[in-house]
Amino acid sequence: MSVLLSVLIVLNSGATLPQASALTPVKSSYRVMKQVEMQYLVYLPEDYATTGRKRYPLILFLHGSGERGHDVDKVKTHGPPKLISAGQKFPFIVVSPQCPDGQFWDPDILTALLNDLEKHYRVDKDREYLTGLSMGGRGTWELASATPSRFAAIAPICGWFDATAAPKLKNVPIWATHGDADPAVNIAWETPLIDALKTEGADVKYTIVPGGLHDVWTDVYASPAIYDWFLAHKRKR
């Protein structure tokens, strides 16, 4: 499925008036509407109903750099969409967008996608969960730090992000996983953020896989533990 998203971007801030007969630097504030087309895979639980009062938890899954492009079937290579394509059932709405070639996950675009999903599907807004691997692990950290009040819990896998994000994330339940022998995303890129989160008193669980290489996600997503952990959390109001 693909959807056209309208993303509002605010450029610059403040304003100064130029002086007469002079070259004066001017700052202005603009609200720019950008249209973006995004492809995604969507899975609905077996008991999904379009009527009634029931709302359903949602998992947003962000893939890694190898699945970027314009063939959305590539997103089935790893994670929940791989399991779903093999026949596994979930009690969640599972949405797996595809990032275009040469780009990285954009929090503004992903936020627009979530807003659109809430309009068209029966999403329980108190049970929106976020997870991703590698580039998607980084995207998980970044999106959650941009919208920390949105997610009930997040699970970045072999990701990385700046430790300065810790104060924004301190109230978000987190379960991060990383292999200590990861040759692609060194665990040292992520541990400063984990340490900063612990200093902030965050609810953070950090699973370090001894000898784990880059692909530690297969075991994580194959286990029911992560899904049970998600369902144990609701958004804090």
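**Notes on the predicted fold**

1. T111 lies in helix α2 (helices are DSSP runs of H or I with at least four residues, strands are runs of E with at least two, both numbered from the N terminus). T111 is buried, at a relative accessible area of 18%. Buried means under 20% relative accessible area, exposed means over 50%, and partly exposed lies in between, with a 1.4 Å probe and protein chains only. Setting aside neighbours within four places in sequence, T111 is in contact with L143, T147 and R150 (contact means heavy atoms within 4.5 Å).

2. Ground rules. This is a predicted model, in which local features need pLDDT of at least 70 and side-chain atom pairs count only at pLDDT 80 or more, while totals for chains, interfaces and linings use all residues. Residues are numbered from 1 along each chain as its sequence is written, and side-chain values use heavy atoms, with hydrogens and water left out.

3. Overall make-up. The chain has seven helices and eight strands. Of its 237 residues, 49% count as buried. Take the contacts between residues at least 6 apart in sequence: 72% of them join residues at least 24 apart.

4. Helix α2. What do its ends say about its length? The 14 residues of α2 should span 20 Å at 1.5 Å a residue, and the end C-alpha atoms are 20 Å apart, so the two agree. The expected span is 1.5 Å times one less than the number of residues. At the start of the helix, a side-chain oxygen of D106 comes within 2.8 Å of the backbone nitrogen of D108. Buried residues of α2 include P107, I109, L110, A112, L113 and L114. D116 and L117 are also buried.

5. The cores. A nonpolar core is a set of buried Ala, Val, Leu, Ile, Met, Phe, Trp, Tyr and Cys residues joined through side-chain atoms within 4.5 Å. The largest one holds 40 residues, and L60, W141, I174 and L197 touch the most other members. Helix α2 (residues 107-120) gives this core its largest share, five residues. Another core, of 24 residues, lies apart from it; V94, A152, C158 and W229 are among its members. In soluble globular proteins, nonpolar side chains tend to be buried together.

6. I174 and strand β7. Beyond its neighbours within four places in sequence, I174 is in contact with W141, I154, P156, L169, L197, D203, V204, K205 and W229. Six of the six residues of β7 are buried.

7. Strand pairing. β7 (residues 174-179) pairs with β8 (residues 204-209) in the parallel sense, over six bridges (two strands pair if DSSP finds at least two bridges between them). T177 stands opposite T207 in β8. β6 and β7 also pair in the parallel sense, over two bridges. Here I157 stands opposite T177. β7, helix α5 (residues 191-199) and β8 form a right-handed β-α-β unit. Right-handed means that, with the strands pointing away from the viewer, the path from the first strand over the helix to the second runs clockwise.

8. Backbone checks. Most residues other than glycine have a negative phi. S134 is buried, with a relative accessible area of 10%. C158 has a phi near 40°, also positive and not a glycine. C158 sits in the loop between β6 (153-157) and α4 (166-169). C158 counts as buried, at 0% relative accessibility.

9. Helix α1. I84 is found in α1 (residues 79-85). I84 and V94 are ten residues apart along the chain, and their C-alpha atoms are separated by 9.2 Å.

Conventions. A polar contact is a pair of N or O atoms within 3.5 Å; within protein, one must be able to donate a hydrogen and the other to accept it, and residues adjacent in sequence count only if both atoms are side-chain atoms.
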